[in-house]
Amino acid sequence: MTDHQERGVGNSHAKIILIGEHSVVYGQPAIALPLQDIKTKATLQTQPDGQTINSRYFQGSIADMPETMAGVAKLITELKQHFAGNDDHWELTIESDIPAERGMGSSAATAVAIVRAFFDYYRQSLNRDELLKWADIEEKVTHRSPSGLDAATVSSDSPLWFIKGQDGSQFDWQLDATMVIADTGIKGATKEAITAVKQRLASQPESTNRLIEHLGQLASATKTVLINNEVMKLGAILNAAQHDLGQLGVSDQTIDQLINAANENGSLGAKLTGGGRGGCMFAITHTAMGARKLAAALTAAGAKTTWIQPLGGE
């Protein structure tokens, strides 16, 4: 039995990719925003016998976890070995407000919360680099070749400028706008979307590379816009990025339907976020009142859930 306390807790939150999804895999920059009001919490609690998990996907013995939770299972196995805790008895409870497979960082937030809960339980300190290395164990199983962006953002308080293979850097920003996020109600098909881009790159390398590079240029322009509080320019950039993502084959009819509804109801710009092919989209407006109107229009157009996130910055 390894030394531990009765209870360990780890927290994290959702994220949204503002710009750069898919192109980030190919070395282009991306910007992600933390959504701190949409939370995930993991609790590791000592119990008399066994190792069990209680989550919205599965309740029962750790040994019986389904294939859909393979990433979490691998992470837990490695954490147990690290803490020499194979014979310890506990229940891991995961509570999350983040919808699954919607490009909002659900798997990364779960991984970050679990890692923090284990380190808390075994009374070990954890720095940011270690946290991201541990979270990557889960993400590699779930997302094949993760950029690391999700884990970096769901564990951060500020927007991240991110290039694959480098540490994300936070930056000061100011944006007088409100974001409305809408869920299509369809699970995003991230793996299929990533594969589609790879196949397009193989069959049409020139035009695909042009699109990927243009998305990178749009991400760079976005950083300047956020620093200078240029809301209208951001709207135009988001629309241009959505056009490129559509060309890459990662949008779909449900996302396009919601984007059209947003653009007909006062959106300054709208695009998909995350893997695409289902999942979520978002739009920006000047005011909270405009955002409420937009959220209602998106619901009427078929959105399953909407979230309103005031932006701002320092």
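**View 1. R144 sits in the loop between helix 3 (128–143) and helix 4 (149–154).** Helices (H or I, at least four residues) and strands (E, at least two) are DSSP runs, numbered from the N terminus. The model is predicted, so local features need pLDDT of at least 70 and side-chain atom pairs count only at pLDDT 80 or more, while totals for chains, interfaces and linings use all residues. Residues are numbered from 1 along each chain as its sequence is written, and side-chain values use heavy atoms, with hydrogens and water left out. R144 counts as exposed because its relative accessibility is 53%; buried means under 20% relative accessible area, exposed over 50%, and partly exposed in between (1.4 Å probe, protein chains only). Together with K164, K191 and K198, R144 forms a positive surface patch. Patches are made of residues with over 30% relative accessible area and no salt bridge, with like charges joined within 9 Å and nonpolar side chains (Val, Leu, Ile, Met, Phe, Trp, Tyr) within 5 Å. Lys and Arg count as positive and Asp and Glu as negative, while His and the chain ends are not counted. The place of a charge is taken as NZ of Lys, CZ of Arg, CG of Asp or CD of Glu. Accessible areas come from the Shrake-Rupley method with a 1.4 Å probe, and for residues only the protein chains shown count as cover.

**View 2. D150 and K15 form a salt bridge between their side chains.** A salt bridge is a side-chain nitrogen of Lys or Arg within 4 Å of a carboxyl oxygen of Asp or Glu. Side chains of opposite charge can pair when their charged atoms come close. In the D150–K15 pair the N to O distance is 3.0 Å. Because D150 belongs to helix 4 and K15 to strand 1 (residues 7–19), the pair ties together parts that are 135 residues apart in sequence. Both D150 and K15 are buried. The structure holds seven salt bridges.

**View 3. E21 and K271 meet in a salt bridge.** Their N to O distance is 2.7 Å. The pair links distant parts of the chain, 250 residues apart: E21 is in the loop between strand 1 and strand 2 (30–46), and K271 is in strand 9 (residues 269–273). Is E21 buried or exposed? E21 counts as buried, because its relative accessibility is 3%. K271 is also buried, with a relative accessible area of 0%.

**View 4. D136 and K140 form a salt bridge within helix 3.** The side chains meet at 3.2 Å, N to O. D136 is partly exposed, since its relative accessible area is 23%. K140, at 52% relative accessibility, counts as exposed.

**View 5. H22 and R277 are shown for their backbone angles.** H22 is not a glycine, although its phi is positive at about 70°. H22 lies in the loop between strand 1 and strand 2 and is buried, with a relative accessible area of 7%. R277 is not a glycine either and has a positive phi of about 50°. The loop that holds R277 runs between strand 9 and strand 10 (280–285). At a relative accessible area of 31%, R277 is partly exposed.

**View 6. Three alanines, A177, A182 and A113, are shown with a second residue each.** A177 is placed in the loop between strand 7 (169–170) and strand 8 (178–183), and its relative accessibility of 6% counts as buried. From A177 to A288 the C-alpha distance is 7.9 Å, for a separation of 111 residues in sequence. A182 is in strand 8 and is buried, with a relative accessible area of 0%. A182 and L298 are 116 residues apart along the chain, and their C-alpha atoms are separated by 7.0 Å. A113 is part of helix 2 (residues 106–121) and is buried at a relative accessible area of 0%.

**View 7. Residues 232–303 carry a UniProt domain annotation.** The unreviewed UniProt entry lists this range as "domain: GHMP kinase C-terminal". UniProt positions are given in the numbering used here, feature names are shortened, and annotations may be inferred rather than shown by experiment. Over residues 232–303 the chain is 57% helix and 15% strand. The end C-alpha atoms of the range are 25 Å apart.
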